[in-house]
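Subject: Structure for your files

Hello,

Please find below the sequence and the structure we spoke about. My notes on what was found follow directly after.

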Amino acid sequence: MSTEVQSGQKTAQNAAPAKGKLGVMVVGLGAVATTMIAGVEAVRRGLAKPIGSLTQMGTIRLGKRTDNKSPLIKDFVPLADLNDVVFTGWDIFEDNVYESAAHAKVLDNETLQQLKPYLEAIKPLPAVFDQYYVKRLHGTHVKKGKNKMDLANQVREDIRNFRKTVDRVVMIWCGSTEIFLEPTAVHASIEAFEKGLQNDDIGIAPSQIYAYAALTEGVPFANGAPNLTVDVPAMIELSKKNNAPICGKDFKTGQTFMKTVLAPAFKARLLGVSGWYSTNILGNRDGEVLDDPESFKTKEESKLGSLEYIFQPELYPDLYKDIFHKVRINYYPPRGDNKEGWDNIDIFGWLGYPMQIKVDFLCRDSILAAPIALDLVLFLDLAQRTPSLRGIGIQEWLSFYLKSPQTREGLYPEHDLFIQLMKLKNTLRHIQGAELITHLGLEYYD
Ligand SMILES: NC(=O)c1ccc[n+]([C@@H]2O[C@H](COP(=O)([O-])OP(=O)(O)OC[C@H]3O[C@@H](n4cnc5c(N)ncnc54)[C@H](O)[C@@H]3O)[C@@H](O)[C@H]2O)c1
């Protein structure tokens, strides 16, 4: 099509309005979750701005560049208003959200004191937990059940109880990274999975018990950790069957965020890469959990994936065939949540001459993750209210936020941050019947 804008599908039915309260059920009320919850309350009270949140601060261009029409995303699509968001959650510790936030030391004491009564009132429900899947944690506030199905039913009961107080519900996993699990026969179908819940199959981790409960109750589910969770046929089937959208996994915050910005730039300029060494020091509870090799393996797989897909070595063997890619995470308590991530990138240019790039990102893990968690929740709720999205299961357009995007079987994931953003915005245009933007732009020169 020879125009910069392309007709959106006029047949797309618009999303239903976001009426009433949106209940957000957070699994794991640790650093990320408490930073999101406290942040939302701070924004509601006008104490701070929702920096980093596309749903709250982002705009979307509509029509031609000469039309000068770029409304806020939240004015273009019907997202839940922050004032209508209600939080609850589960944790393996009894600490309320104020106590947990104070422990995490992400937000300063002055901010926390201002929000204290609100945060104290959010107390975790007892969790589904098994130390086999997170070796470094010893949970005390946990559910008991005769088998995994019984535990799933208890979570479903929690969802139903919460649902009585709100109009819609979304669940998000902000819990710890579990040990590395691969899909097995138990994950192959809903039927096999349900049998596995009855038989306490070892292949079913706690995160999957929550996800099963959510999807069975028709609740959209997001996964902030690299756990296997919904990345299996049984969950995809459930998601489609019950109109409960899912998306990929593992918040794309620090180092991988940088990787998925820099790698597409090298590829765009046909610069070769011979090595990419990434290391981190991190001192929060997440860092402690990731110090366990079995949990680290889960994270490592998630972090390693992006470069392979972006560089497409099969298409560019001269440039990317032999990249040495290494990722390390070191638990270093003095830094707390303030992670430092170093990247050494060995690149080569014209005639093969080598060069180096060093990145030293002194970031704040949960400050980067909180707006992502919020956006995922709000967009999943939107997806569920959108006729053309609610029944398709995987919401690939939310890959923008995730280290491991999820795709239909046989489809490779898109990791390039800017392609992901374009896909996200075009999805919003599409569902509102607006024209898609292709960036061709020849019509300006007619
Ligand atoms: N902060 C980031 O930049 C970032 C980026 C990507 C992914 N993540 C992932 O997000 C998750 C949360 O990170 P965090 O820094 O908040 O960690 P955290 O350790 O502070 O919080 C995790 C919380 O989950 C709880 N938990 C563990 N298992 C549970 C279960 N089965 N049920 C209920 N609660 C459970 C823990 O008790 C803890 O309170 C981690 O898996 C982390 O790897 C974080």
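Helix α8 (residues 206-216) and helix α9 (residues 233-241) have axes that come within 9 Å and cross at roughly 20°. Axes here are lines fitted to C-alpha atoms, for helices over the stretch in contact, and angles run from 0 to 180 degrees between N-to-C directions. Helices (H or I, at least four residues) and strands (E, at least two) are DSSP runs, numbered from the N terminus. On the α8 side the contact is made by A211, L215 and T216, and on the α9 side by M235, L238 and S239; two residues are in contact if their C-beta atoms, placed from the backbone, lie within 7 Å. By class, this contact has 4 nonpolar, 2 polar and no charged residues. Ala, Val, Leu, Ile, Met, Phe, Trp, Tyr, Cys and Pro count as nonpolar, Asp, Glu, Lys and Arg as charged, and the others, Gly among them, as polar.

On provenance: this is a predicted model, in which local features need pLDDT of at least 70 and side-chain atom pairs count only at pLDDT 80 or more, while totals for chains, interfaces and linings use all residues. Residues are numbered from 1 along each chain as its sequence is written.

Next, the domains. The protein chain is assigned domain 1 (5-251 + 366-437) and domain 2 (255-362), with bounds from an automatic or database domain assignment. Their centres, taken over C-alpha atoms, are 26 Å apart. In the interface, 27 residues of domain 1 are in contact with 26 residues of domain 2. On the domain 1 side, β7 (246-251), β12 (402-404) and α16 (417-431) each supply at least two residues. That side has 12 nonpolar, 7 polar and 8 charged residues.

Last, the sheet. It is open, has 4 strands in the order β9-β8-β10-β11, and its pairing is mixed; two strands pair if DSSP finds at least two bridges between them. β9 (324-331) and β11 (354-362) are the edge strands, each pairing on one side only. Neighbouring strands are turned by 10° against each other on average, direction ignored. β10 (residues 340-348) pairs with β11 in the antiparallel sense over 9 bridges, and N344 stands opposite K358 in β11. Helix α10 (residues 255-268) lies across β8 (272-282), β10 and β11, and runs at about 15° to β10.

Regards
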